[in-house]
Every structure is written in C-alpha cells, then in structure tokens.
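Trainee: Could we go through this one together? I'd like to know what stands behind each label.

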Amino acid sequence: MPGVKGEGGEDEDTIGIYVGGRNLDGDRHGEGWAVLPNGDFYQGCYCRGMRNGKGLYVFKNGARYEGEWRRAMKYGVGHMTYPDGSRYEGDWRYDLKQGFGAYYYPNGDIYEGAWFKGRRHGLGTYFFAEYQVKFMGTWVDGVMYGPGQIIYPRVRFHGSWLKGLPKGPGCFVFDTNCMQHGFYELIKDPKLEEFGEGEEEKEDKEQKEEKLGEGEEEIEIDETLGKIAVWRARSVTAYMPEYLPPEPVPLPIHDSLPSLSHESVTTELLQFEPPSVASEHEGGDDNDSWLLHRQQFLEEPERKE
C-alpha cells in the first residue's frame, strides 16, 4: 500500500511539530510525540533523531501502526490497521511484513503463516470466508505453490499447486473413510478460446521457442496462463495414510539484507501492553491466537534440530 512505509527526516527540527525529549546533540531522543508536515502523527520512542522502540503512528489516510520501530522503520512485532478495515498482526522487517503474521481481510478472509518481503511466502493457512474453505500449504511470492491441502466441510483434497492452480497427482479424502485418487490436469480455458485467445497464446509460445533457437537466454513460460485445472479420477480405496501425497515443508529463506542492531532507550512513561498469549480456553481473546501460532512457528525449527 503506497504511503504506508515509515518516513525519515524527523531529525530536522525546522519542519513539523515535536514535543518530547532530546539528547545533548539536540536530536529527538526518548519519549515524545510529533505531527509531521504531511499530517501524520507519531507518539512513542526516539533514538538519535529517529523512531526507535515502541510507538504509535497514525497516517492521515486513517491507517495506523502500533508496535516496534528501528531506525524509523517498522521492525519487530506490530499491528497495522488499513483504511479499508483490513489489519495485519505479526512480524516486520524494513517496513515490510516478514516472519510470521496474520492478515485479516475486509471480506472475512484470513491468512495466517509465513511472510517474506511483504508477501505470503512459506507455510501458511488461508481461510476463504465466502466458501468456508481453508487452504493449508506452501506459498511462493504470494501464490499457492507446492504441496498443500484444501479442507471443505466434509472432504479434503491433498495435492500440489502451481501458481495458484492444483496440478498433478492427488487424492480426495471423504468423511466416509474412503479416498478417491487421480490427478489435476491443466487445459486451455474454453471461455478464452471462444474469443480467439487460445490462438494468440500459441503464437506467443512459438515466438519464444524461435528466440531460444537463436541463442537468446531461456524465457520462462507460464504453464498456467489461460489454463484451468480439471480433475481426472482414477480409483477409489479405503483410507490409507501411506497413500497421501507429501506434506508441505518450510521454505528456505535467503535474505541478503542484514539485521538491524537493536538500539533503543529506556522509557517509563509510555506503556504499550503486549497482547495475551493465553488460549481461548484459558480466557484469551480469539484475536490473539496468531501469537500462539507464531510461537509454534518460531519453535518448530528448534525441535527439528
């Protein structure tokens, strides 16, 4: 969302309004609040002229972020509420969602799982409110990709996805304790062929093949472009776990950006109460369940080691 990233420039005393502590160099340091020239508002901690520590930032468009900052960027754990009513609760790095977090969409959909550089990436669960269906599996760059399963009210599908579409072998498991085996095949969307788009796609593929023949670098062809997934059933058996496809596993993360060293100041006046991590059976709020899942997400690699 444009305009939501943390802005710098607060060390310039000649712009905006600031009330709070300063260090010996005159930089904003400690606790304070500021009204930025663009109309945004911040109340929280500063360190050497930059937002650092815990703080509340209210954007003039109605969005608001409450959580941890480092060097004027959202970094750590925080809650972000957007103008459309959606909200994100979880980890941040360099002003981007990264780590574990839960995103609540205006239409009732919920994603809970891994994020990388602002996109769904890794193991995650997406609940589709309109259809009361849940996907549990792997995400790559914001789309379903790799092993996973879709849970319907009385049946679940185990299989694999390619750029958001099921593809390859899989099985449906019914609550009657039986399994239907088969595979998903990607075929051309008949609706697109009616308008002649299938022919254009064929010509585009031929042009790419010609370029490869001329010695140019290999161009990745999107297998899902203009395709739909069709299920081909093959057999039905009693439920046997050994027939299930491989389960999704966490994705390796290669981040070239270094971690910011923690630098903050001791504060006493501002109190930001951390959310409870108690389960709903212990009297905790349902909205804090993501914290329990975050703990499991962070502890899982340690168990495997």
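Trainee: Over residues 268-285, where does pLDDT stay, and how many contacts beyond four places in sequence does the model have there?

Mentor: pLDDT, the predictor's confidence in each residue from 0 to 100, stays under 50 over residues 268-285. The model has 24 contacts beyond four places in sequence for them, a contact being heavy atoms within 4.5 Å. Where pLDDT is low, the predicted coordinates should not be read in detail. Residues 1-14 also stay under 50, with 34 such contacts.

Trainee: What ground rules apply?

Mentor: This is a predicted model, where local features need pLDDT of at least 70 and side-chain atom pairs count only at pLDDT 80 or more, while totals for chains, interfaces and linings use all residues. Residues are numbered from 1 along each chain as its sequence is written, and side-chain values use heavy atoms, with hydrogens and water left out.

Trainee: What is the mean pLDDT of the protein, and where is confidence lowest and highest?

Mentor: The mean is 81, and 69% of the residues reach 70 or more. Helix α2 (residues 197-213) has the lowest confidence, a mean of 53, and strand β9 (residues 110-116) the highest, at 97. Helices (H or I, at least four residues) and strands (E, at least two) are DSSP runs, numbered from the N terminus.

Trainee: Why do D95 and K74 count as a salt bridge?

Mentor: The rule asks for a side-chain nitrogen of Lys or Arg within 4 Å of a carboxyl oxygen of Asp or Glu. D95 and K74 come to 3.2 Å, N to O, so they pass. D95 lies in the loop between β7 (87-93) and β8 (96-104) and K74 in strand β6 (residues 73-81), so the pair ties together parts 21 residues apart in sequence. By this rule the count comes to four salt bridges.

Trainee: How do you know that the charged end of R87 sits over the ring of Y104?

Mentor: A charge sits over a ring if NZ of Lys or CZ of Arg is within 6 Å of the ring centre and within 35 degrees of the ring normal. R87 is 4.0 Å from the centre of the Y104 ring. K74 lies over the face of Y65, at 5.7 Å from the ring centre.

Trainee: Why is the pair of F157 and W231 called edge-to-face?

Mentor: Rings of Phe, Tyr and Trp (its six-membered ring) pair if their centres lie within 6.5 Å; planes under 30 degrees apart count as stacked, over 60 as edge-to-face and the rest as tilted. F157 and W231 have centres 5.6 Å apart and planes at 85°, so edge-to-face it is. Y126 and W139, at 6.0 Å and 40°, are tilted.

Trainee: What about C47: what keeps it from being in a disulfide?

Mentor: A disulfide is a pair of cysteine sulfur atoms within 2.5 Å. For C47, the nearest cysteine sulfur, that of C45, is 9.6 Å away. The structure holds zero disulfides.
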